[in-house]
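Load the model in a viewer and keep the sequence panel open. The stops below go from the interface to single residues and then to a whole chain.

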Amino acid sequence: MNKHFNLLFLATENLLRHRTKTIVVCLCIVAILTPFITAIAISEGVREKSLISVNAGADLYLTFDEFGRNAAVPLKYLDEIKKIFGVTKVTPRIIGRGFLQNKLAVIVGLNKEDIPESISCISGRMFENANEVVVGHELARHFHLNIGDQFSMRCQQRKTFTVVGFFSSDSSIWGSSLIFMSFRDAGELFGKQDVSTDIQIYSLPGHNSEIATDLYDILQNEPYRLQDKHMIGLYVKKGFMLKEGVFSALYLVAFALGVPAILVAAGFGLSERKKEIGIMKATGWQTLEVLELISFEQLLISLMGATIAILLSILWVKGFRGVFIAQFFIAEITMLPKFPLPARFLPLPCLLSFFLAFLMTMVGSVYSSWRASTVSPVVSMK
Amino acid sequence: MEGINGVTGSVDEIMIRTENLCKSYRQHSQYEVRAIYDISVNISKSSFMVFNGPSGSGKTTLLNIIGTLDRPTAGKVFMYGEEITSFSDIALARLRREKIGFIFQDFHLIPRLTSWENVAYPLIPLGAGFTERFERAKFLLEKMGLGDRLEHAPEELSGGQQQRVAIARALINNPEIIIADEPTSNIDDETSAHVRQFLGELNARGVTILVATHDTLFEKIADVTFKMKNGRIV
């Protein structure tokens with residue numbers, strides 16, 4: 001056991017003695033791993049927030065189906081749906097997108113009594129009257145909007161809205177570019193009366209399949225689409241997996257480009273190392289002991305590099321709000337987000353980062369060390 | 001006993017025996033260069049043997065093979081009657097660790113280590129603790145007159161001092177054999193005399209000494225001197 005401690009201490013000393021090499025390899029690891037850890041953390045954070053929203057939302061989502069895509073649902077079915085046994089609440093809503101000058105905004109129209117309790121304003125109040133809106137902080141900041149200001153949207157310029165409140169900056173990330181208004185106003189804005197983009201159905205536990213059967217009876221001649229909370233959750237997960245997959249694929253290219261940098265850095269002083277290994281072998285060191293020492297060195301440098309990368313990632317997300325990288329994972333966000341991002345630093349990606357760092361440094365050092373330690377000491381010492 | 005190539009030593013005293021050792025190298029994958037050719041020697045325990053000859057005569061190659069730092073192209077080396085040329089690398093490393101100490105012409109000290117760390121380096125894989133390593137290295141360096149140079153890096157030492165550090169390192173595991181390759185060629189006359197005297201003292205204590213050298217003064221303290229030329233003992 002003492003032998004292994006000796007080798008571990010010696011590895012630590014060697015890293016301190018070769019400060020330049022240690023710093024260069026560490027920087028390479030940090031440069032490669034930090035964006036990876038940051039991206040995964042943001043993705044996980046956004047996914048978690050999405051799933052929380054889905055779980056807090058309705059049990060069933062009803063839309064019509066047109067050309068294989070979601071289409072608006074006529075409101076005429078609303079009363080019948082409300083009467084289905086097991087349905088506790090039915091909420092029609094309009095979700096659309098429109099330009100406010102040159103900036104794309106998400107417009108949500110909801111009846112006042114259907115506004116979830118979780119939604120609150122940082123300042124001002126919730127809309128009460130016609131043409132009153134609550135605006136997301138990102139939009140408000142962009143257009144320097146104040147309470148009482150009036151604006152109109154590009155799609156319906158005759159209709160003028162008055163700002164009565166703002167969403168807080170720590171509200172859901174989707175709140176950043178949101179314009180929240182009454183269901184009626186949203187219908188007027190898009191020129192669609194008596195329809196909603198979807199109907200949210202809240203139900204008693206275990207009643208979804210019976211409700212689905214009743215809906216089939218009500219809508220049997222209509223092309224409709226019914227999705228439950230579980231399915232929506234799966235879509236969210238799949239969507240993020242796809243994004244993470246695309247990012248990982250791009251990242252693999254960067255990783256492949258980064259490995260030679262590590263190899264060059266790890267190869268610093270290779271001839272000196274080769275000679276040292278020859279001396280070690282000549283004085284009785286076994287090949288395995290030499291490799292153990294080298295592995296300890298790489299282990300320590302990987303730990304150091306990965307730890308710094310994780311800390312920098314936390315700083316990147318918490319301190320700099322995922323600048324330059326958040327837009328990979330959050331749609332319609334600027335390169336310099338103005339609000340705190342949701343992020344989760346899970347153990348698995350952190351362990352994976354450490355493993356990647358270890359792999360990179362081992363690739364750069366172990367083969368050459370193994371070659372040096374398996375030839376005759378005379379050859380290594382030359 | 002009169003051994004092969006006229007080597008002294010009775011049969012039961014023989015520590016190392018070589019049989020028809022050959023070593024050849026390929027240069028640029030075309031020409032084969034024979035470094036040593038058909039060398040058979042017997043080396044008695046506690047003897048002081050000098051291999052003398054011009055550059056390229058094969059004395060370093062011979063000592064490298066006897067010291068297990070290199071393998072022969074043909075022939076065998078026996079230590080205490082056991083053929084060591086067939087040993088695995090692990091077994092050879094163990095043999096070097098337990099029985100052999102090396103002194104090299106170029107000292108072969110690790111530049112970024114201090115004197116005492118260089119001396120104690122072979123003890124690290126043996127699991128010796130810091131204090132034990134330091135005390136043993138200090139003891140040997142003090143014996144070599146370098147008690148005030150424990151924390152000096154090799155580059156801060158003269159050639160003679162570096163060679164004495166290398167000698168101390170060779171002695172750290174109490175070896176039975178010291179193999180010295182041109183131990184005095186890179187140092188001044190005064191230090192050379194000190195090295196010769198020290199090797200003589202070690203030999204008097206029962207350590208087998210094998211030296212490859214141009215230095216004819218070694219012949220005065222050697223039991224046997226082999227003259228080598230063109231890879232053969234002449």
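Two residues are in contact if their C-beta atoms, placed from the backbone, lie within 7 Å. Keep that cut-off for the selections that follow in this predicted model.

**Stop 1: the interface.** Select the residues of chains A and B that touch across the contact. Chain A supplies 20 residues and chain B supplies 22 residues. On the chain A side, the elements giving two or more residues are α1 (2-17), α8 (270-282), α9 (287-319) and α11 (377-381). Which of them gives the most? That is α1(A), with six residues. Colour this side of chain A by class: eight residues are nonpolar, seven polar and five charged.

**Stop 2: a helix in chain A.** Select residues 19-56 of chain A, which form helix α2. At 1.5 Å a residue, the 38 residues should span 56 Å, and the end C-alpha atoms are 53 Å apart, so the two values agree. Where does α2(A) bend? Centre on A:L33, where the bend is about 30°; a proline, A:P35, follows within four residues.

**Stop 3: the nonpolar cores.** Stay on A:L33, which is among the residues with the most contacts inside the largest nonpolar core, along with A:I29 and B:A168. This core has 103 residues, and α2(A) gives the most to it, with 14 residues. Next select A:I29. Leaving aside neighbours within four places in sequence, A:I29 is in contact with A:S302, A:G305, A:A306, A:A309, A:A357 and A:M360. A second, separate core has 24 residues, including A:V133, A:V134, A:V135 and A:L139.

**Stop 4: a lysine in chain B.** Select B:K138, in helix α4 (residues 130-143) of chain B. Is B:K138 buried, partly exposed or exposed? A buried residue has 20 or more other C-beta atoms within 10 Å and an exposed one has 12 or fewer; B:K138 has 18, so this lysine is partly exposed. Not counting residues up to four places away in sequence, B:K138 touches B:W116 and B:L150.

**Stop 5: chain B as a whole.** Along its principal axes, the C-alpha trace spans about 45 × 45 × 40 Å. Colour by burial: buried residues make up 47% of chain B.

Methods
Residues numbered from 1 in each chain as written. Chains lettered and ligands numbered in written order. Predicted model: local features only at pLDDT ≥ 70, side-chain atom pairs only at ≥ 80, totals over all residues. Nonpolar A, V, L, I, M, F, W, Y, C, P; charged D, E, K, R; others polar. Expected span 1.5 Å × (residues − 1). Bend = angle between axes of the 7 residues up to and from the residue. Core = buried A, V, L, I, M, F, W, Y, C linked by C-beta atoms within 7 Å.
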